[in-house]
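Reader: I would like a close look at one part of this model. Please keep it brisk.

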Amino acid sequence: IDELRLKRDSLELNMGKTVLYQSPILHGNKFLQISAPFLQGNLTGNYDIPLIYDEFRASFYKVFPSLKPKDFLMDSFDNRYQMDLTLFHLEPVFNFFNKDYSLQDTLSLSASIASDSSKLSLSLSSFRMNDKQIKIPQLYLSRQKDSLQLKGDTRYQNQDDEELSANFAFSAISDNVSGQISLLSLADSAMFHLALQFDAQLARTNSGEKELFLNLDTIVCDVNHQSLSFSPSSFHWQEDRIDIAKFSLMRGDSPLISLSGVASNSVTDTLHLQFREMELSTLLTLLTGGDYHLNALLHGDIYASALLGDQMRFSTNNFGADSLRYNENVWGDLSFQALWDNSQKGISTRLALHNEQRDVMKVDGIFYPSTSVLTMDALIDSIPMVLFLPFVSEYISGLTGYVGSSLKVRGEIPNISLTGKFFFDKVKMDVRYSGTTYSLLDTIQ
């Protein structure tokens with residue numbers, strides 16, 4: 001503290017470049033002013049600062065009464081105030097929470113808050129965080145007694161100039177929330193657009209547990225120039241249970257993926273995921289917004305029981321990925337089987353890759369959900385090395401020959417051990433950096 005001035009009716013505190021001034025100190029209409037390198041604000045009115053926080057909590061619980069703790073009293077507050085706040089040059093704030101942040105440009109935040117309402121707006125051209133550029137042309141939050149509104153428009157761009165933009169609007173009143181979201185992702189060779197509307201209701205059960213009812217409607221998306229849609233569906237969430245009505249991704253009238261059932265900690269509740277000739281690249285783009293060269297046709301069924309508990313059980317029915325390929329290199333047809341082994345209390349799995357009229361890879365194992373222990377044996381029989389060329393083409397060319405392996409995986413996830421051998425048969429490669437040709441005919445253990 002550089003300087004402290006205390007008078008009968010005022011207080012002034014100086015700490016470096018930070019100045020705090022209040023008058024009067026205790027009673028009546030007060031005026032508080034703060035000035036700091038990244039903050040400027042004024043607070044005027046008849047207020048008690050400790051009670052302002054409780055009043056904000058009370059305002060939130062007026063909008064969402066089902067979230068109010070039983071011991072919180074919704075008192076009538078006598079605070080009457082007006083607060084104007086501006087934040088700028090937020091790099092010190094970001095660094096306080098995470099020193100790995102590298103924030104460039106100036107981000108400003110303005111808020112006008114009153115005892116009966118509040119408005120918050122955020123607007124700027126752009127700022128950079130590490131190697132990512134983030135643009136927030138508009139973010140607007142408004143509270144009026146027992147209602148809340150949030151609107152925004154943001155854009156995100158990474159170092160590869162891939163851009164993701166979002167436009168959203170939400171409103172809430174008395175435990176009911178409705179909104180709409182629009183997402184657009186642009187990459188070099190992939191495009192993803194999603195638009196949805198929803199409404200949700202918060203409530204409490206007779207026993208006092210929180211629950212959520214969510215209805216999704218008007219969901220359309222374009223993925224890699226394919227027009228897809230989601231069927232309207234409903235979700236019911238409780239603290240240890242999620243009920244899902246049939247939720248499907250459609251191409252026209254044909255379902256590609258369907259999800260239905262119950263996720264809970266009980267082995268009698270099952271969640272069913274169904275694939276019907278779903279392209280893997282489209283699914284990956286839908287989940288992440290990125291562009292992928294990996295593709296296959298997914299088919300079959302996956303069943304999961306006790307998904308929220310420690311006794312998870314999985315099983316499959318005719319699940320696989322046909323014509324698994326990376327770029328134009330076809331790896332083969334992949335099949336996956338899983339069954340609950342009641343005698344060992346584990347999930348027995350088998351993975352096989354079939355190519356050129358034979359199984360070129362087999363993986364058998366068992367996973368114990370209660371202990372997270374994995375036991376797995378893998379056998380790879382003469383896979384052409386050219387299939388790996390797309391992953392190393394920047395460094396290697398002319399890759400020929402075959403590779404095989406015999407591997408064992410043991411241990412508790414994530415601390416597992418891997419042992420085994422790799423067998424190389426007539427492998428040759430040209431290293432671009434040195435212009436040298438190498439041959440491998442050995443076994444690596």
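Which residue in β28 does threonine 375 stand opposite?

Author: Threonine 375 stands opposite arginine 410 in β28. Keep in mind that this is a predicted model. Now look at the strands around that pair.

Strand β28 covers residues 396–412. β27 and β28 run antiparallel, and 10 bridges join them.

Next, turn to the other pairing of β27. Strand β26 spans residues 358–368, and strand β27 spans residues 373–384. These two strands also run antiparallel. Here 8 bridges do the joining. β26 and β27 form a hairpin, with 4 residues between them. Serine 372 sits in the turn. Its phi is positive, about 60°.

Now move to another strand, β23, which holds residues 313–326. Threonine 316 lies in β23. Is threonine 316 buried or exposed? Its relative accessibility is 16%, so threonine 316 counts as buried. The cut-off for buried is under 20%.

Follow the side chain of threonine 316 to its polar contacts. It reaches the backbone nitrogen of alanine 338 at 3.0 Å. It also reaches the backbone oxygen of phenylalanine 336 at 3.4 Å. Leaving out residues up to four places away in sequence, threonine 316 touches Asp301, Ile302, Phe336, Gln337 and Ala338.

Technical notes. Residues numbered from 1 in each chain as written. Predicted model: local features only at pLDDT ≥ 70, side-chain atom pairs only at ≥ 80, totals over all residues. Heavy atoms only, no water. Pairing = 2+ DSSP bridges. Buried < 20%, exposed > 50% of the residue type's maximum accessible area, 1.4 Å probe, protein only. Polar contact = N/O pair within 3.5 Å; in protein donor to acceptor, adjacent residues only side chain to side chain. Contact = heavy atoms within 4.5 Å.
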